[in-house]
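Me: Please take a close look at the sheet and the helices packed around it. Keep it brisk, and give the cut-offs.

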Amino acid sequence: MATNRETPEVNAGSMADIAFLLLIFFLVTTTLETDEGLGRLLPKKEIEPRTIDVNERNVLRVNLNSTNELLVEDAVLDLKTLRKVAFDFLDNGGALPGESKYCDYCKGKRDDSSSDNPIDAIIALHHNRETTYGFYIAVQNELVGAYNDLRNREAQRLFKQSYVAMTEAYYDEKTPLIQKEKLKKRLKRIQKMYPQKIVEPEVFSNKRFDDEAQ
């Protein structure tokens, strides 16, 4: 005698819970890639370009070509020495004593063919369209590192604390507001002594790199 067998049913009551737990697991264990870049405040777009009259000795020209070759003031330079070159340029202090641009805290060679003072010193960075992003970032890091080294030196001299340490303390949420105001004044003083001026002009007069950019 045949008997009717009931089809077993699958209990799906806990499937939603399992799916939710799996979702949490993947969210916790998955590593998300983040974009690399530099923190920069871009200038406002101007209707008419401005012409700035700058003494040539106050400009350090840094050029990157399509093959990731570094040229500083018409001389091929290794990336490892770029920071030192930028450091010496910014800290040169070429203005003579008694002149309005004289830098009394500069410790450079005071070469009259290099920058008068760090306030007027400009680093002009030009790169080719085919320059790799990684090399461009590496050059930027070395230039910014030169500024930080000088700022650290002056911060240690004036406040017995590095510029980097003061910056970290200023942005630390645990730092009291009174202390932050004190740090803010100190940071601004150091930044005024060595203002970061890294510009990227579109046109350079260096024929070697201009030819490669065409």
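Reply:

**The sheet and its helices**

Five strands make up an open sheet of mixed pairing, ordered S3-S2-S1-S4-S5. The model is predicted: local features need pLDDT of at least 70, side-chain atom pairs count only at pLDDT 80 or more, and totals for chains, interfaces and linings use all residues. Residues are numbered from 1 along each chain as its sequence is written, and side-chain values use heavy atoms, without hydrogens and water.

Terms for the elements come next. Helices (H or I, at least four residues) and strands (E, at least two) are DSSP runs, numbered from the N terminus. Two strands pair if DSSP finds at least two bridges between them.

Strand S1 (residues 59–64) pairs with strand S4 (residues 122–127) in the parallel sense, over six bridges. Leu60 has Ile123 in S4 as its bridge partner. Helix H3 (residues 133–159) packs on the sheet and touches S1, strand S2 (70–72), S4 and S5. The direction of H3 makes about 175 degrees with that of S4. Axes are lines fitted to C-alpha atoms, for helices over the stretch in contact (heavy atoms within 4.5 Å). Angles run from 0 to 180 degrees between N-to-C directions.

Now the helix pairs. Helix H2 (residues 79–90) packs against H3 at about 40 degrees, with the axes 9 Å apart. H2 is therefore oblique to H3 (under 35 degrees is roughly parallel, over 145 roughly antiparallel, 65 to 115 roughly perpendicular, the rest oblique). H2 passes H3 in a right-handed crossing (the near helix is turned clockwise from the far one by less than a right angle; anticlockwise is left-handed). Among the contact residues are Leu82, Ala86 and Phe87 of H2 and Val139, Leu143 and Tyr147 of H3. By class, this contact of H2 with H3 has twelve nonpolar, two polar and four charged residues. Ala, Val, Leu, Ile, Met, Phe, Trp, Tyr, Cys and Pro count as nonpolar, Asp, Glu, Lys and Arg as charged, and the others, Gly among them, as polar.

Helix H4 (residues 163–171) packs with helix H5 (177–193) at about 140 degrees, axes 10 Å apart. H4 and H5 are therefore oblique to each other. H4 passes H5 in a left-handed crossing. The contact includes Tyr163, Met166 and Tyr170 of H4 and Leu183, Leu187 and Ile190 of H5. The contact of H4 with H5 divides into seven nonpolar, two polar and three charged residues.
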